[in-house]
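Please open the structure in your viewer and keep the selection tool at hand.

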Amino acid sequence: MDGEVGNSTKTSGLCLPGEDCEQPRPEPRSSMGWKRQAQRLRKDAHVFYFLFKHPRTRWYARFVSVCTAGYLLSPIQLIPSFIPVIGFVDDLAVLFLGAKLLQRITPPDVLTECRQLADAAEIRRKEEIRSSATVAASVVIATVWLLAAITASALMAKYIRR
């Protein structure tokens, strides 16, 4: 009888007194921050790019990806994007439906391979950002920009005082 109670508590998610109930719970999707959702969207876009370029992707999957991207980038849309909230809802709906359809019609092994390629590309991108040459170039550009702004401000102050 004890074994049955123990099994039922684990499947129902309840915990009896004296049991260790510390289980990691997945973070709800709605509580994900905007930054994490944007990163996930960027990664998904990269995955779909690799899907489009993959030789074993079927023609109709490529057609779906081209139509989805074409609608999102097209200036002609059902609901124009300049309308405050509603304008972006149709874009999100097309993106969501296109992504779900691509995931369904793409073979799982191709999708897994493209996800691995996207992960590798993301790691390479982060390594490039962290390289010392990139940091040095950023510092030089910021310094030149700051010196140009100070020089322009001094020249304008001198011109105004005349």
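This is a predicted model: local features need pLDDT of at least 70, side-chain atom pairs count only at pLDDT 80 or more; totals for chains, interfaces and linings use all residues.

Residues are numbered from 1 along each chain as its sequence is written, and side-chain values use heavy atoms, with hydrogens and water left out.

Colour by burial next: buried residues (under 20% relative accessible area, with exposed meaning over 50% and partly exposed in between, for a 1.4 Å probe and protein chains only) make up 18% of the 162 residues.

Now select α3, which has 15 residues. Within α3, A61, V64, S65, T68 and Y71 are buried, and they lie on the same side of α3 because they cover an arc of only 135° around the axis, as judged from the directions from the helix axis to the C-beta atoms. These buried residues pack against α2 and α4, whereas W59, F63 and L73, on the other side of α3, are exposed.

Finally, select V47, F48, F50, L51, L102 and C114, which have the most contacts inside the largest nonpolar core, a group of 13 residues; such a core is a set of buried Ala, Val, Leu, Ile, Met, Phe, Trp, Tyr and Cys residues joined through side-chain atoms within 4.5 Å. The elements giving two or more residues to this core are α2 (34-53), α3 (59-73), α4 (86-105) and α5 (108-129), and α5 gives the most, with five residues.

Conventions. Helices (H or I, at least four residues) and strands (E, at least two) are DSSP runs, numbered from the N terminus. The expected span of a helix is 1.5 Å times one less than its number of residues. Contact means heavy atoms within 4.5 Å.
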